[in-house]
Amino acid sequence: VLERIAGAEPERLVPWPASSGLDALILEVAVQTLAAEGILLPGLARALAARARPYVDAAGETDWPEGVLAVLRAESRENVEVVDAAGKRRPLRFRVDRIDRVDRVDRGDSAGLRFTDYKTGRPLSDKKTEATRRANFLARVRSGTYLQAVAYLLAAAGEPARGRYLYLKPDAPEREFAVESGDEEFAAAFDRAVRAVLSAWDSGSFFPRVVDTTGRKEPARCAYCAVSEACLRLDSGSRNRLFEWTQAAGETTVSAEQSLLAVWRLPMKEPMSESESPENGGGGEES
């Protein structure tokens, strides 16, 4: 629905639809979505449209407070360059839900380009202070799980830019998690994760992360993995062997093992930077 609102034409002022027009658009997309899935139950499209409406409204309230938005393009496929562990420049391809031209700075945005990735789940952090939310966000980038917003900044080609995740869940305590051009901590975390992942890809070190780096529990994603029945995730012996090997491997000289360990260690906590220390209001637990 949001893609249809933004339209296919690049660089134009996009008005937010009137309520009746928005209802019709959401229902139309619901019908098309169910048909594509082969689901033709009578009345289900209206239920799906009603379910989607609060999320669409959240996007409108956040990004269209004045009724019109300067959209550069939507569902844009971007191709940028990153540097791998060997110092070689490599292509990185991704898709952006929407790119805007932001000229005003009175609503918290910096003037320049704004790249948006929509999310409908729970925000990556529910902490109360901005400093702690930033620390949680940075930790996710370091672990290699939230790289997209930082990658967006590369597509700005030197222009001031803001890459963000916009959470549309109606009761989300915090809608936006963003990073801006020039943020060296996020850039360094992104660079480290990308180098590690590309190295593992090149060496063929595709291992099952069936346990976390503490050896105590499996990652949450295992609970909804589509191929979990074909995995050894419930085999405690396999989990223990993987964890014990990573603990005993040390500084191996085998390139494939080095690559595996680099990816394995991404989620491990690094020493806190000065800005994250409790003395400076970051990183600590909140009451």
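Colleague: Leaving aside its neighbours within four places in sequence, which residues is aspartate 84 in contact with?
Modeller: This is a predicted model. Aspartate 84 is found in the loop between strand S2 (68–83) and strand S3 (89–102). Beyond four places in sequence, the residues in contact with aspartate 84 are Arg90, Arg195 and Leu198.

Colleague: Is aspartate 84 buried or exposed?
Modeller: The side chain of aspartate 84 has a polar atom 2.8 Å from the backbone nitrogen of lysine 88. The relative accessible area of aspartate 84 is 5%. The cut-off for buried is under 20%, so aspartate 84 counts as buried.

Colleague: Which residue forms a salt bridge with arginine 90?
Modeller: Arginine 90 is in strand S3, and its partner is in helix H6 (residues 184–203), 112 residues apart from it. Arginine 90 is buried, with a relative accessible area of 15%. The closest N and O atoms of the pair are 2.9 Å apart, and the partner is aspartate 202.

Colleague: How many residues apart in sequence are the parts that arginine 162 and glutamate 176 tie together?
Modeller: These two form a salt bridge, with closest N and O atoms 2.5 Å apart. Arginine 162 lies in strand S5 (residues 161–167) and glutamate 176 in strand S6 (residues 176–180), so the parts tied together are apart in sequence by 14 residues.

Colleague: Which residues are linked with Arg162 and Glu176 in a network of salt bridges?
Modeller: The count for the model comes to 23 salt bridges. Besides Arg162 and Glu176, the network holds Asp63, Arg98, Asp100, Arg114, Arg164 and Glu180.

Colleague: Where does the salt bridge between glutamate 218 and arginine 233 lie?
Modeller: The closest N and O atoms of this pair are 2.6 Å apart. Glutamate 218 is buried, and so is arginine 233. The pair ties together parts 15 residues apart in sequence, and each residue lies in the loop between H6 and H7.

Colleague: What span should helix H7 (residues 236–248) have?
Modeller: Helix H7 has 13 residues, counted at 1.5 Å a residue.

Colleague: Why are the buried residues of H7 on the same side?
Modeller: The buried residues in H7 are Ser238, Arg239, Leu242, Phe243 and Thr246. They are on the same side of H7 because they cover an arc of only 125° around the axis. In general, an α-helix has 3.6 residues a turn, so residues three or four places apart point the same way. The buried residues of H7 pack against helix H8 (255–264).

Colleague: Which residue caps the N-terminal end of H7?
Modeller: The cap uses a side-chain oxygen that lies 2.9 Å from the backbone nitrogen of glycine 237. The residue that supplies this oxygen is aspartate 235.

Colleague: Over which residues does pLDDT stay under 50?
Modeller: The protein averages a pLDDT of 88, and 91% of the residues score at least 70. Where pLDDT is low, the predicted coordinates should not be read in detail. The model has 24 contacts beyond four places in sequence for the stretch with pLDDT under 50, residues 271–287.

Note on methods. Residues numbered from 1 in each chain as written. Predicted model: local features only at pLDDT ≥ 70, side-chain atom pairs only at ≥ 80, totals over all residues. Heavy atoms only, no water. Helix = DSSP H or I, 4+ residues; strand = E, 2+ residues; numbered from the N terminus. Expected span 1.5 Å × (residues − 1). Buried < 20%, exposed > 50% of the residue type's maximum accessible area, 1.4 Å probe, protein only. Arc of directions from axis to C-beta. Contact = heavy atoms within 4.5 Å. Polar contact = N/O pair within 3.5 Å; in protein donor to acceptor, adjacent residues only side chain to side chain. pLDDT = per-residue confidence, 0-100. Salt bridge = Lys/Arg side-chain N within 4 Å of Asp/Glu carboxyl O.
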